[in-house]
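My plan is to look up one thing at a time and write down what I find.

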Amino acid sequence: MRRLRSLAVRRLLSHVRGGTVTVEGSSGTWTVGSGSPTVGVRVHDRRAYAAVLRRGSIGLGESYLARWWECDDLTGLLRVLTKSLAQPLRRLDRISQVLRGPVSLWHRRQRPSKEDDRTNVRAHYDLPVGLYTAMLDETMAYSCGLFDSPATSLGDAQLAKYDRICKKLELSSDDHLVEIGTGWGGFAIHAAKNYGCRVTTTTISQSQYEVARQRVTQAGLDDRVTVLEADYRDLTGHYDKLVSIEMIEAVGWRQFDTFFATCARLLRPGGIMALQAIVINDQSYERAKHHDDFIRRFIFPGGCLPSINAVSSLLTRVTELGIFDVEDIGQHYAATLVRWHENLERNWEEIAAAGLDEEFHRMWRLYLCYCEGAFLERHISAVQMVIAGPQYRPALGLRH
């Protein structure tokens with residue numbers, strides 16, 4: 001039976017294109033594909049084959065955490081798998097959609113509660129703060145930066161991202177900006193300090209709330225920045241501008257309409273919104289909505305990546321807002337992830353001292369490589385959107 005499973009994995013990998021994968025195990029060594037990247041996989045435990053066959057990327061992750069296999073180039077392996085298996089997976093999903101039936105469809109459409117959302121967000125962001133201070137840069141930005149060149153530092157790339165968004169929002173000292181998803185407070189501090197605006201920012205992560213408040217106070221901006229520990233759906237009032245930086249991915253597809261309806265409700269007539277989001281390609285969006293993978297199971301429970309078409313359709317259906325400008329910045333995300341990964345490895349002893357074990361180390365190593373491979377192969381990307389209603393009139397020259 002185990003030999004049959006290894007043969008089944010070998011047959012699955014026969015779809016490999018645009019790369020070479022050599023698998024070494026107790027039953028011998030075999031190679032599939034051609035060209036670069038060239039990747040070597042060593043299988044230590046044959047149970048890895050069954051895990052991958054039964055549970056896809058979840059099984060791939062579980063077996064990696066169990067040390068059943070190793071790889072000399074995780075990012076390369078995940079690049080090859082991403083571009084080689086996308087079409088076979090889509091065909092399998094069309095079949096499984098029929099088999100799941102109406103009862104399963106009803107279950108998938110049930111909206112999570114606010115408490116569900118809070119639990120999911122805290123599962124990721126309320127990890128020891130030492131993990132993030134060691135992995136990120138001095139801005140504490142946990143989102144895609146913008147690199148002028150390969151030599152640009154991570155901190156400079158994040159500041160460039162902040163400035164790009166502020167300029168797209170045409171921020172001034174007359175504006176009251178609301179931010180959905182505080183992160184660690186970096187953008188709110190930057191916007192208030194450099195553009196003079198007032199900022200109200202909210203998060204449901206207790207850890208982010210506490211750190212952001214401390215950073216605002218340390219920056220001397222308590223009179224300009226208000227940090228709330230509140231669900232975005234509970235916000236009231238009207239604001240001149242709105243920003244959300246890589247928060248929508250945690251909303252979940254069942255709540256995308258609520259998210260955009262809330263944004264529209266919070267904006268004054270003529271106000272504008274900047275949305276930075278990780279997006280999945282339109283062809284994969286429906287599968288991503290209904291299919292758990294390694295990231296959703298281990299890293300971002302309850303999350304879902306939107307697609308650009310999905311955002312446009314939702315805005316049309318539930319608001320009077322529309323997409324005014326889109327800039328694809330996905331090529332910068334792979335560079336961001338490389339630097340996070342380097343920091344994770346360089347500072348692992350410091351991170352481990354915060355109480356995180358080697359299994360967590362392997363999980364986050366796989367997470368960062370998994371995402372880097374998906375960005376490099378453009379299975380996912382990142383965009384900055386300017387979203388506005390019919391009363392918005394832009395200043396000359398939006399793109400900076």
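**Entry 1: what I am looking at**
I note at the start that this is a predicted model.

**Entry 2: the seven-stranded sheet**
I looked up the strand order first. Seven strands form an open sheet, and they run β7-β6-β5-β8-β9-β11-β10. The pairing in this sheet is mixed.

**Entry 3: β6 beside β7**
I zoomed in on one pair. β6 and β7 run parallel and are joined by five bridges. The chain gets from β6 to β7 through α8, and this β-α-β crossover is right-handed. I then picked out two bridge pairs. Thr202 stands opposite Leu228 of β7. Val199 has Val225 in β7 as its bridge partner. As a reminder to myself, strands of a sheet pair through backbone hydrogen bonds, either parallel or antiparallel.

**Entry 4: helices on this sheet**
I checked what packs here. α8 packs on the sheet and touches β6 and β7. The direction of α8 makes about 165° with that of β7. Helix α15 (residues 358-376) packs on the sheet too, touching β9 (267-280) and β11 (380-388). Its direction makes about 70° with that of β11.

**Entry 5: α8 by itself**
How far apart are the end C-alpha atoms of α8? I read 18 Å. Helix α8 has 13 residues (206-218), so at 1.5 Å a residue it should span 18 Å, and the two values agree. The expected span counts one less than the number of residues.

Next I listed the buried residues of α8. They are Ser207, Gln208, Tyr209, Val211, Ala212, Arg215 and Val216. What covers the buried residues of α8? The cover includes α4 (114-125), α5 (129-135), α7 (186-195), β6 (198-203) and β7 (225-229). Just after α8, I saw that Gly220 takes a positive phi of about 70°.

**Entry 6: Asp231**
I followed the chain into the loop between β7 and β8 (239-245), where Asp231 lies. Is Asp231 buried or exposed? Asp231 counts as buried because its relative accessibility is 4%, and the cut-off for buried is under 20%. The side chains of Asp231 and Arg233 are joined by a polar contact of 2.8 Å. Setting aside neighbours within four places in sequence, I found Asp231 in contact with Lys114 and Ile204.

**Entry 7: Ala160**
I looked up Ala160 in helix α6 (residues 154-168). Ala160 has a relative accessible area of 27%, so I wrote it down as partly exposed. I also took one distance. Ala160 and Ile380 are 220 residues apart in sequence and 22 Å apart in space, C-alpha to C-alpha.

**Entry 8: the four-stranded sheet**
I ended with another open sheet. Its four strands have the order β2-β1-β3-β4, with mixed pairing. β2 (28-34) and β4 (69-71) are the edge strands, each pairing on one side only. The twist averages 15° from one strand to the next. β1 (residues 19-25) and β3 (residues 38-43) run parallel, joined by five bridges. In that pair, Thr20 stands opposite Thr38 of β3. Helix α2 (residues 47-65) packs on this sheet, touching β1, β3 and β4. The direction of α2 makes about 65° with that of β4.

Definitions and conventions
Residues numbered from 1 in each chain as written. Predicted model: local features only at pLDDT ≥ 70, side-chain atom pairs only at ≥ 80, totals over all residues. Heavy atoms only, no water. Helix = DSSP H or I, 4+ residues; strand = E, 2+ residues; numbered from the N terminus. Buried < 20%, exposed > 50% of the residue type's maximum accessible area, 1.4 Å probe, protein only. Contact = heavy atoms within 4.5 Å. Pairing = 2+ DSSP bridges. Right-handed = clockwise from strand over helix to strand, strands pointing away. Polar contact = N/O pair within 3.5 Å; in protein donor to acceptor, adjacent residues only side chain to side chain. Axes fitted to C-alpha atoms, helices over the stretch in contact; angles between N-to-C directions.
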